[in-house]
Amino acid sequence: MRAAVLHEIGQDKLEVLEDIEAVGFGPGKVRVRVRAAGLCHSDLSAMNGVLPQPAPFVPGHEGAGEILEVGENVGHLKPGDRVVVCWLPACGACPACKRGQTELCLAGFMNAGTPNFKRPGGDVFGFAGTGTFAEEVVVDAGCAVPIPEDVPFDIAALIGCGVTTGLGAALNTADVEAGSSVAVIGCGGVGIAAVQGARLKGAAEIVAVDPVASRRESALTFGATKAVPPEELADAKQQVTGGEGFDYVFEVVGRSATARTAYENTRRGGTLVVVGAGAMDDFLQLNMFELFFDEKRILPSMYGGGDVLHSYERTIALWRAGRVDLEGLITHRVPLAEINEALDQMRTGTALRTCIEI
């Protein structure tokens with residue numbers, strides 16, 4: 001079968017190969033025919049080494065498709081079922097799951113160290129234990145979440161990560177208060193989802209911050225009340241909040257420099273929500289006096305900060321009701337053979353989300 005492979009960390013191009021085999025099928029596993037995948041910035045971060053991932057590997061963790069085969073002890077799925085791939089399934093038994101913090105379950109991370117694929121040259125891993133830039137993938141049954149018939153595969157793929165992460169940051173982690181002021185720094189697919197989440201919660205002012213003009217224009221169509229490049233954030237802070245700072249600031253880039261900017265633009269007593277996935281050696285510096293004196297809450301948001309399955313269901317309900325726009329997030333579509341074009345669209349910021357049609 002075909003799959004897009006990164007041979008070594010640090011390479012900027014993927015090679016689409018036809019000699020890949022999905023492996024690991026057995027009890028508790030399912031084989032999924034991937035129909036659509038979304039390109040998330042985390043895929044680029046894994047490719048360049050910001051996020052740890054053994055290589056060679058097949059990127060992609062946003063995906064949806066059909067069940068081809070189910071292993072023993074899998075009773076809730078059958079061939080033909082439509083599913084979204086969940087890269088962080090909950091085991092239901094660990095301390096985090098028992099506390100209701102299923103997004104902190106580590107069971108899914110354990111899959112990242114086991115090869116999902118092989119080719120004549122040896123083992124090939126799947127990013128985050130999945131690897132959806134492939135025609136087929138074998139995953140734990142818990143990674144395949146059934147979706148209703150009316151949810152298209154491309155929409156379902158986005159729900160598998162970016163939309164759940166951005167919406168959840170606003171709805172779950174921040175629990176944005178109606179009438180509040182919000183700034184979102186970084187307006188790709190996840191940032192735009194955060195904008196939509198803030199709008200759903202009734203934020204009065206939502207300032208979108210991004211260096212790419214087309215993304216700023218898009219943010220306005222998704223609910224932002226103002227959109228500015230980073231160098232104009234200080235002016236927006238003055239205009240919107242009288243210089244006090246925003247009630248909520250979402251950092252959706254994953255860099256200490258933007259997190260520091262986000263902190264400085266959060267009002268005293270306000271909330272900074274860290275959504276972007278950054279590098280282990282990139283440190284955010286805060287002095288102890290400001291940390292104490294400003295009483296700003298710093299809330300990391302992992303995968304939307306809530307129960308993933310509930311988040312999927314909520315997003316589908318909101319989409320059906322026309323309360324969130326998911327179709328509009330897909331600005332580009334490319335076949336798997338042109339995956340490197342999708343990478344360029346992500347790097348240049350010309351795409352909010354590119355759908356990989358497989």
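Modeller: The centres of domain 1 and domain 2, taken over C-alpha atoms, are separated by 27 Å. This is a predicted model, so local features need pLDDT of at least 70 and side-chain atom pairs count only at pLDDT 80 or more, while totals for chains, interfaces and linings use all residues. Residues are numbered from 1 along each chain as its sequence is written, and side-chain values use heavy atoms, with hydrogens and water left out.

Colleague: Which residues make up domain 1 and domain 2?

Modeller: Domain 1 takes 3–161 + 306–357, and domain 2 takes 166–300. Those bounds come from an automatic or database domain assignment.

Colleague: How many residues are in contact between the two?

Modeller: 19 residues of domain 1 touch 21 residues of domain 2, with contact meaning heavy atoms within 4.5 Å.

Colleague: And what area is buried there?

Modeller: About 1,600 Å², with carbon and sulfur atoms giving 58% of that. Buried area here is the accessible area (1.4 Å probe) that two parts lose on being put together, summed over both. On the domain 1 side, Arg-314, Arg-323 and Leu-352 lose the most area to domain 2, together 30% of what that side buries.

Colleague: How many salt bridges run between the domains?

Modeller: The count is 0, taking a salt bridge as a side-chain nitrogen of Lys or Arg within 4 Å of a carboxyl oxygen of Asp or Glu. Which element gives the most to the domain 1 side, then? That's α11, with 4 residues. Helices here are DSSP runs (H or I, at least four residues), strands likewise (E, at least two), numbered from the N terminus.

Colleague: Switching to the backbone: where's the cis peptide bond?

Modeller: Between Ala-55 and Pro-56, with omega about -5 degrees. Pro-56 is in the loop between α1 (41–47) and β5 (57–58).

Colleague: And what's the phi of Ala-128?

Modeller: Near 55 degrees, a positive value in a residue other than glycine. Ala-128 lies in the loop between β9 (122–126) and β10. Most residues other than glycine have a negative phi, and most peptide bonds are trans.
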